[in-house]
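Please walk through the following structure with the model open beside the text. The account moves from a helix to a sheet, and then to single residues.

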Amino acid sequence: MSSVEERLKAAGFELQIAVKDGEVLYKGKCGAEFTVEEGYKAAQQCAINIIAHVRDACDGDLTKVKKVVRLGGFVACTPDFYDHPKVVNGASDLIGTAFGDVGRHSRAAVGVPSLPLNSAVEVEAVVEVDF
C-alpha cells in the first residue's frame with residue numbers, strides 16, 4: 001500500500017468509485033437538494049474517484065504521481081447558489097490530504113445548471129505522472 005493510500009485510510013477514506021449499484025451517489029443541485037456541506041462530501045467522493053482512476057493508470061503505484069497540476073470543479077446548482085468554491089474544497093482538501101505537497105494544485109470552481117446523470121458535482125484533474 002502506498003503512502004497516499006495510508007494517508008487516505010488514516011483520514012477515514014477508502015478508494016472507491018462514485019457510483020453504487022449503477023447509480024450516482026449525489027443527484028440533484030446544491031442550493032436545492034444539497035447543502036454546501038453535502039456538496040463538499042460529493043466533491044470528496046469525486047476526488048476518491050479521481051485517485052482510483054490515477055491509481056489504475058499508474059498500475060497500482062500512486063508513488064508515480066509527481067504533481068497534481070489542476071482540478072476543475074463543476075457544481076450543479078440553483079441560480080442563487082454562490083458557494084461553488086466551498087463545495088469544490090471537498091476535492092481540493094482530500095487531494096491535499098492524500099498527496100501532501102505533490103497534491104498542491106491550481107483550481108477552478110464553476111456553477112452550472114446541470115451535469116450528466118443529474119450529478120451534483122463533477123471534478124476533473126490534470127495529474128503529472130512518472131513512468
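In helix α1, which spans residues 3-10, the buried residues are Val 4, Glu 5 and Leu 8, where buried means under 20% relative accessible area, exposed means over 50%, and partly exposed lies in between, with a 1.4 Å probe and protein chains only. Helices (H or I, at least four residues) and strands (E, at least two) are DSSP runs, numbered from the N terminus. Seen down the axis of α1, its buried residues fall within an arc of 95°, so they line one face of the helix; the arc is that of the directions from the helix axis to the C-beta atoms. These buried residues of α1 pack against α2 (36-57) and α3, with contact taken as heavy atoms within 4.5 Å.

The model is predicted, with local features requiring pLDDT of at least 70 and side-chain atom pairs counting only at pLDDT 80 or more, while totals for chains, interfaces and linings use all residues. Residues are numbered from 1 along each chain as its sequence is written, and side-chain values use heavy atoms, with hydrogens and water left out.

The sheet comes next. Three strands form an open sheet in the order β4-β3-β5, with mixed pairing, and two strands are said to pair if DSSP finds at least two bridges between them. Because β4 (106-112) and β5 (121-129) stand at the edges, each with a single partner strand, one side of each is left without a neighbour in the sheet. Neighbouring strands of this sheet are turned by 15° against each other on average, direction ignored; for such values, axes are lines fitted to C-alpha atoms, for helices over the stretch in contact, and angles run from 0 to 180 degrees between N-to-C directions. Helix α2 packs on the sheet, where it touches β3 and β5, and the direction of α2 makes about 35° with that of β5.

Strands of a sheet pair through backbone hydrogen bonds, either parallel or antiparallel. Here β3 and β4 run parallel and are joined by seven bridges, with Gly 111 in β4 as the bridge partner of Val 75. The pairing of β3 with β5 is antiparallel and extends over nine bridges, and there Leu 71 stands opposite Ala 125 in β5.

Which residues does Gly 72 touch, once its neighbours within four places in sequence are left aside? This glycine, Gly 72, lies in strand β3 and is buried, with a relative accessible area of 2%. With those neighbours excluded, Gly 72 is in contact with Ala 108, Glu 122, Val 123 and Glu 124. Gly 72 and Arg 107 are 35 residues apart in sequence, yet 5.6 Å apart in space from C-alpha to C-alpha.

Although not a glycine, Leu 117 has a positive phi of about 60°, and at 67% relative accessibility Leu 117 counts as exposed. Asn 118, not a glycine either, has a positive phi of about 65° and counts as partly exposed at 43% relative accessibility.
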